[in-house]
Amino acid sequence: MAEPDPEPMASGAGQRLGAPETLGISTLDPGHRPPAMPPGRHVTIRVRMLDDTEELFDISQKASGKVLLDLVCSHMNLIEGDYFGLEFQNHQKMMVWVDHIKPIIKQLRRPKHTILRFAVKFFPPDHAQLLEELTRYLFALQIKQDVSCGRLTCNDTSAALMVSHIIQSEIGDFEESQCRSHLLNNNYIPDQMPLIDKIMEFHSKNIGQTPAESDYQLLEVARRLEMYGIRLHPAKDREGTRLSLAVAHTGVLVLQGHTKINAFNWSKVRKLSFKRKRFLIKLRPDLNSSYQDTLEFMMGSRDCCKVFWKICVEYHAFFRLFEEPKPKPKPVLFTRGSSFRFSGRTQKQVIDYVRESEFKKIPFERKHSRVQHNSRVQHNIRLSPLPCPRHHEVPTESGAPADRVDSPSRRHWKESVLVSAEDPSASRTTRDSPSHQRNGHEDRTGSVSRTEETRGSTRQTHPEHLSTGVVPNSPHLSASSGHSHGMVNGQKSLELCSHSPDGRQPSPLTSPLLYDAGSVRTDDEDEVRRKRFPTDRAYFIAKELLTTERTYLKDLEVVTVSFQSAVGQDEATPDSLKNTVLSTFEPLHKFHEGFLREVEQRLALWEGRSNAHIKGDYQRIGDVMLKNLQGLKPLTANLHKQSEVLLELEKACRASRRLEGLCRDFELQKVCYVPLNVFILRPLHRLSHYKQILERLCKHYPATHVDFRDCRAALADVSEVVEQLQGSLVKMENFQKLLELKKDLIGVDNLVVPGREFIRLGCLSKLSGKGLQQRMFFLFNDVILYTSRGMMATNQFKVHGQLLLHGMTIRESEDEWGVPHAFTLVGQQQSVVVAASSLIEMEKWMDDIQMAIETAKTSNGPSSDLLTSSLIDNKEPSPVSENKAPLVGPPSGQGPVPLSVICWYRVQSLSFSESCRSLENQLSGNLLRKFKNSNGWQKLWVVFTNFSLFFYKSHQDDYPLASLPLLGYSVTIPSESENIHKEYVFKLHFKSHVYYFRSESEYTFERWMEVIRSVTVPSSSARVLYSKESHFH
């Protein structure tokens, strides 16, 4: 056996694609077809599936075992088929796995009379690494079989808990008489009768759990059992003691009965071999070990040794190697030893393939489940793919069904990330609905604007959309079709074939596809418009002031109108908080309404919509800004009070659970497209925007220009105020970030304490006995927390442990462990080895951690223990005794997606300085957007803030139709081969997802490129600059 290689990076938690219906979701690569069959005589093979149905497959006798397995997986639309295998009983009555390389005819003596079993072959340590609902369903069926036949042994409590999840998946929510009758008629475990009451007790606690969630919870319990995934191979030691050998992802195990008495990790094993009936384990030299360098076990026969040796070779390669091992060259004269090798993808290759590819979602049915919400679902249907109902098809820009992008696992991206797939009439109905009015204020565009919007919307229906067979006024798209679409943030959206049990964000490699939601402008119209308006750079700088002021006023209305309506009128809101919010934001809102009117009037004159532009009196903006910034000076006290509002709100939420719930519910509304605390700090950020605009104007104008003096005077005024507020702004941004992270973390006490500063969060792979496992790390100025993300109903992370920075050292350890981009954190109590996804990420983390360590040496920062009592010794609580996590974060499908969740899926990191920069580098305006495979350009109002692009039909809309988180994306200019023959076009791309955006001028093009690059591809020089401006100093 080859020398063990470094363990592959364990990928992130899998997506949950469960459904409250019997239907599940599988994936099928658009190019995924049954494997090519070699010529020759065909034979029919009978395969028993995990749901006990039997399928017949017609294959060539010359076909290899891999061809047959691929055929079975293709039949089920199973992408992660590499975890499974086909086993059969050979002529010696031994259960063996079908060899992938050998032809079928050489393995099956009587293929017509042999039944192959489709079964799980490789059991990963963490079922969250299974990215497909179908895969997890098949694993759950395997666990069900193992529990039933007694292979998976456990105590009564765990057995009852597993059965409760199985029957929850099969019969749905608890009803006493039905549950008891079902258990009396069906045996799930040996000697089930004494445990019926305990099973029913556990079942009663699973109310609301979908079949997919039940699968996940079943696997969560099973993976913690000692016999999980264990297949025993009888053996004896040198003294003749009866033992059993087994193989797992960690290495070779030795068991006595069902008790594990020894384990040999792959890192300690130098070679595995067999000689006749002896199975040999050669260990690496270890001075601290009492074992001999070679261990010997006697098995029943040479064939028994060879069968076990083969599965050991395959387990080692699948879990430890980065890629499939290459075949050995054939010897010229004679062979020595076995030529057997692992054939297929390794676990790392499977995870990477699923994550980096786009798949079409194909529904499948659960054979035994009675949980039905769709009349089309029948009971006891065999495990096979189904055609997706037509009312689940969503038109995309290419005319193809959008279920490959808009999977049920992405439920909470439906409206906060994806444009609704509704027809124009449905859109207008939603805007005028009571649910929209409850957001705080009605549509202010008026009947004329609404009529214009109707006209524009009627132009957006293209023939390519109609080709899907979805009629805009079809009842399938009406609000009455409750089973085919749901309400997300109060807005209608299509559900595909199921709901997500936890609404988790999708894999980072699947990006939201933005459907046409606005009118399409032709190129001729665009050219005419461009020739009519001014081309002076100063005009476009002034226009940036106008567009961002419109967005800023809308943001103020979120606090003054929507928040006051939803929260301010409630009795639970203290009078002191009401008064503080009103006295702070109402004067600012009133002032900026007047300011916006003046800017709009000036731009209208500048654009030549009157004769005043002939005299040149209005082709400037400095006088308007100077006048209004001087008028803003009396309101400086209100700007200083932003911190008071933030503190008062946090204090009130701590004191009142009802108020905390009201604020949480408000953040789920569509108008609250970023966290509420970000809106509260908007006035402080807006001053920085004014300063940036005035600096650009002063740089553009010559000293003799008529507008230069006013711009310079206005710049001096706003710079003075910004300088006064800068210290307060940094503290408030840190406070706001800590409050945000407090909602993201489970198992943390006292996160928000004086003196604690947030530095960086992001994904690193932690090296443990299970290999490299993806973990989310949170770096503060006194401690590092590392967490994992389970399949919970909230967007939260469970804390596993903490590392105090005081006395910590850090060193690179790539050579030491053989893992790329690895470094070691050596603390006073424990050491942790982690690996970054790239060299740049490793440098970021090491620089920030080293800086934090140096700062911790000289500062007296907070030293309180962050972990709750349930996380003592860094151990996760047992699944049997664990209580459900409190609903702190937004429930599935609603609210803004936390940046930490996006970082998790896109394997990115984010620093405090980068977060501040994103909030300060805001931009708004019209852009034309085009997809990679579409022809027309679509006009949208786009707002950039908080690392995301938010898309609206127009600047008058109260909430975004969609958003595109930019973490992980790259921004470039299209190449000649892409045939984008237009000016001022930039390209956003992430993996296979590509969007083109077109601006109206060179200046706006430069600005969009500048702000997007600030959060997508930060340069090393920029990092040095921002680290110097960090809040450490």
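Tutor: Happy to! In the contact of α21 with α22, where contact means heavy atoms within 4.5 Å, the α21 side includes Leu-684, Leu-687, Tyr-690, Lys-691, Leu-694 and Cys-698. Among the α22 residues that they and their neighbours in the list meet are Phe-708, Cys-711, Arg-712, Leu-715, Val-718, Val-722, Leu-725 and Glu-733. The residues of this contact divide into 15 nonpolar, three polar and four charged; here Ala, Val, Leu, Ile, Met, Phe, Trp, Tyr, Cys and Pro count as nonpolar, Asp, Glu, Lys and Arg as charged, and the others, Gly among them, as polar.

Keep in mind that this is a predicted model, in which local features need pLDDT of at least 70, side-chain atom pairs count only at pLDDT 80 or more, and totals for chains, interfaces and linings use all residues. Residues are numbered from 1 along each chain as its sequence is written, and side-chain values use heavy atoms, with hydrogens and water left out.

Now the geometry. Two packed helices are described by the angle between their axes and the distance between the axes. Helix α21 spans residues 682-700 and helix α22 residues 708-744; their axes come within 8 Å and cross at roughly 145 degrees. Axes are lines fitted to C-alpha atoms, for helices over the stretch in contact, and angles run from 0 to 180 degrees between N-to-C directions. The crossing of α21 past α22 is left-handed, meaning the near helix is turned anticlockwise from the far one by less than a right angle.

As for the setting, the chain has 28 helices and 33 strands, taken as DSSP runs (helices H or I, at least four residues; strands E, at least two) and numbered from the N terminus. Of its 1033 residues, 59% count as buried, that is, under 20% relative accessible area with a 1.4 Å probe, protein chains only. Residues 24 or more positions apart account for 70% of the chain's contacts with a separation of 6 or more.

Technical notes
Buried < 20%, exposed > 50% of the residue type's maximum accessible area, 1.4 Å probe, protein only.
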